Amino acid sequence: MSSLSHSLAPYGWDEGFADSYAPHAAEGVVPGRIVRVDRGRCDVVVPAPDGSGVRTVQADAALVTTGDPLSVMCTGDWAAVDTVRGYVLALLPRRTAFVRSTSSKRSEGQVLAANVDHAVVAVSLAVELDLGRVERFLALAWESGAEPLVVLTKADLVPDPVTLGHLVADTAAAAPGAQVLAVSAETGEGLDVLAASLAGGTSVLLGQSGAGKSTLANVLAGEDVQDVNAARDRDGKGRHTTTTRTMLRLPFGGVLIDTPGLRGVGLWDAGGGVAQAFAEVEEHAASCRFHDCGHAGEPGCAVLAAVADGALAQRRLDSYRKLLRENEWIAARTDARLRSEIRRDWKRKTAEGREAAARKRGGR
């Protein structure tokens, strides 16, 4: 069966995933897409037995659980599923993955969504615009391999079109290469453009609690599929109405992964994403006299020259430096953790070798 006629095609199934699944087809299992994960179990959309469409089944993840947090199954993964025994037998290779660092002391990455085409960053206009947070989300979005899109929600709260235009322009300046839209779930402003941008692909909806993600998800899905709570007036923040990452089918084609509000958005191995999020800084840096210029007073620094003549905003350079430092810091912590694990493993194997040698000598 071709990918175009396959019942999973509306969920993103294509020839590439079919090729990845082929080695598992002989095992008597079926392909499926994970649409929700909760405590080691997941909901998976699989082809209906009679070929009439799809059905959702529950499956256990015990057989694909490893010690690597980046390999943990997540919403958006494609899998080989044993629907008879209720197990996920294998996860197919991911094309993209949106990863952030956890707040734990173990310096681990957390995959929020897999196989995503569009990363939609929702930013509420009910509160003061935080461009630094937008840039942080964009760095992770670019690093994921997905195409980022910034959506300024609750645009109806900014009735002055001139002010709204300035907010969109400021955001666009902080988001080179990314589309920026002002939308309103109340008035419908911008929703047709957003729907056209997301049609046919897999999108993940990201942002802080209170950004209006659940409301936006309901509007895009065409029905009330997500609970919605009002945001607090004093800070625009809301309660976590979305508690798990859930995939929704969109009536205009494609699927949307809604996510809980994110309080922390730490970088994780996002050097390339930072470079794309600050493309104009990188462009100026290419003209610096020294290839390893730190843009901190070195002679012939094209970046500082661009700031001096107004071609580059000082705020952008400051934000660029901050995210670079953070990314280098988390990388150093991760390397230290890996070195520690290697040392522990070496000590364990050495001890086991000595014990084995002692037992051998004792048996003589």
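Four aromatic pairs are counted in this predicted model. One of them joins Phe17 and Trp78.

| Residue | Relative accessible area |
|---|---|
| Phe17 | 4% |
| Trp78 | 0% |

Buried means under 20% relative accessible area. Phe17 is therefore buried at 4%, and Trp78 is buried at 0%.

The pair is part of a wider group. Ring pairs link Trp13, Phe17, Tyr21 and Trp78 into a cluster. Phe17 also has a charged neighbour: Arg95 lies over the face of its ring, 3.8 Å from the ring centre.

Now the nonpolar cores. In soluble globular proteins, nonpolar side chains tend to be buried together. The largest nonpolar core here holds 65 residues. Leu138, Val150, Leu206 and Val303 touch the most other members. Helix α2 (residues 131-144) gives the most to this core, with eight residues. A second, separate core has 17 residues, including Val151, Leu198, Ala217 and Leu256.

Leu206 touches residues beyond four places away in sequence, among them Phe98, Leu112, Phe137 and Leu262.

Finally, the whole chain. It has nine helices and 13 strands. Buried residues make up 45% of its 364 residues. The chain exposes about 18,300 Å², and carbon and sulfur atoms supply 51% of that area.

Definitions and conventions. Residues numbered from 1 in each chain as written. Predicted model: local features only at pLDDT ≥ 70, side-chain atom pairs only at ≥ 80, totals over all residues. Heavy atoms only, no water. Helix = DSSP H or I, 4+ residues; strand = E, 2+ residues; numbered from the N terminus. Buried < 20%, exposed > 50% of the residue type's maximum accessible area, 1.4 Å probe, protein only. Areas by Shrake-Rupley, 256 points an atom, 1.4 Å probe, with all protein chains shown as cover. Core = buried A, V, L, I, M, F, W, Y, C linked by side-chain atoms within 4.5 Å. Contact = heavy atoms within 4.5 Å. Phe/Tyr/Trp six-rings, centres within 6.5 Å; stacked < 30°, edge-to-face > 60°. Lys NZ or Arg CZ within 6 Å of the ring centre and 35° of its normal.
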